[in-house]
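Let's take a friendly look at how charged side chains pair up in a protein. Have the sequence and the 3D view ready as you read.

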Amino acid sequence: MREKITSGQNKRVKQWRALTSKKGRKATQTYLLESWHLVQEAIKAQQPLTAILGTAEQLDRHAAELPDNVDIFELTESIANTIGDTGTPQGIFATAPLTRDEDVDPAVATGVWLFLDYVQDPGNIGTMVRTADAAGLAGVVFGKGTASRYLPKVLRSMQGSQFHIQVVEADLHDWISAFTSRHLPVYGTNLDPQAKDYRDVPALSAGAIIMGNEGNGMAPDLQQMTTRNLYIPIKGQAESLNVAIAAGVVMFRLVG
């Protein structure tokens, strides 16, 4: 069913506009996907959607790919321009339910995971999630202080990879303890006297890699919980690597 909405004061429109904020997402327990690429990736991955909304031009263009079991709302161009976070909106969106993170149990999680500790730049987060997807990891845990996976800039930066692997927000202390208690290696990335060259550890079939804050690295208490901390030798004069670049180097080397 396709319903037309022509008033910017419509209750649904107000709710959709609010989805760029944490308060708005919490109120409806949904978040917003903006752009055809993200909507299409969600549909292809058979992600649950609660609504698809867009201009007549956009809905007609993609009609063949829209699922039959989702409510569709046709918006005027002026209303569509008030929804979302981009300066030049494409005019098509979808809403999806927030994920129940408690359904993902670290005590039984399998494969290799990436843990993010206080990583705050949306571009870095998106790059790491996409790289984790490309490298064959099972999932990514957004730890304390890491920007929410529902922030519009983070969603756009992940480019749909969040639908290919598991992405959760949780306490890294719990996940590290759960992994190490199962004798699964958890490698931090930190230059300390005991740190080991990342090339000198065996590939992982299960376990985790932790990437820390862009400026300060991993939290000291997490450093003490790891199986071992790793470093990437720098051959030139650069002081450090971008966190997303470092994550990519380590992930592709360690994931068997």
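Is D197 buried or exposed? D197 is buried, because its relative accessible area is 10% and the cut-off for buried is under 20%. Keep in mind as you explore that this is a predicted model.

The side chain of D197 meets that of R199 in a salt bridge, with N and O 2.7 Å apart. R199 is partly exposed, with a relative accessible area of 40%.

## A pair within one helix

Side chains of opposite charge can pair when their charged atoms come close. Find E57 and R61, whose side chains form a salt bridge at 2.5 Å, N to O. Both belong to helix 4 (residues 56-61), and because they are four residues apart there, about one helical turn separates them.

How open are these two to the surroundings? E57 is partly exposed at 41% relative accessibility, whereas R61 is exposed at 55%.

Now look for D85 and R156, a salt bridge whose closest N and O atoms are 3.3 Å apart. D85 sits in the loop between helix 5 (77-80) and strand 5 (92-97), while R156 is in helix 7 (residues 152-158), so this pair ties together parts 71 residues apart in sequence.

D85 is partly exposed, at 36% relative accessibility. R156 is partly exposed too, at 29%.

## The wider picture

How many salt bridges does the structure hold? There are ten. Salt bridges can also form a network, as they do here by linking R2, D60 and E74.

Notes
Residues numbered from 1 in each chain as written. Predicted model: local features only at pLDDT ≥ 70, side-chain atom pairs only at ≥ 80, totals over all residues. Heavy atoms only, no water. Salt bridge = Lys/Arg side-chain N within 4 Å of Asp/Glu carboxyl O. Helix = DSSP H or I, 4+ residues; strand = E, 2+ residues; numbered from the N terminus. Buried < 20%, exposed > 50% of the residue type's maximum accessible area, 1.4 Å probe, protein only.
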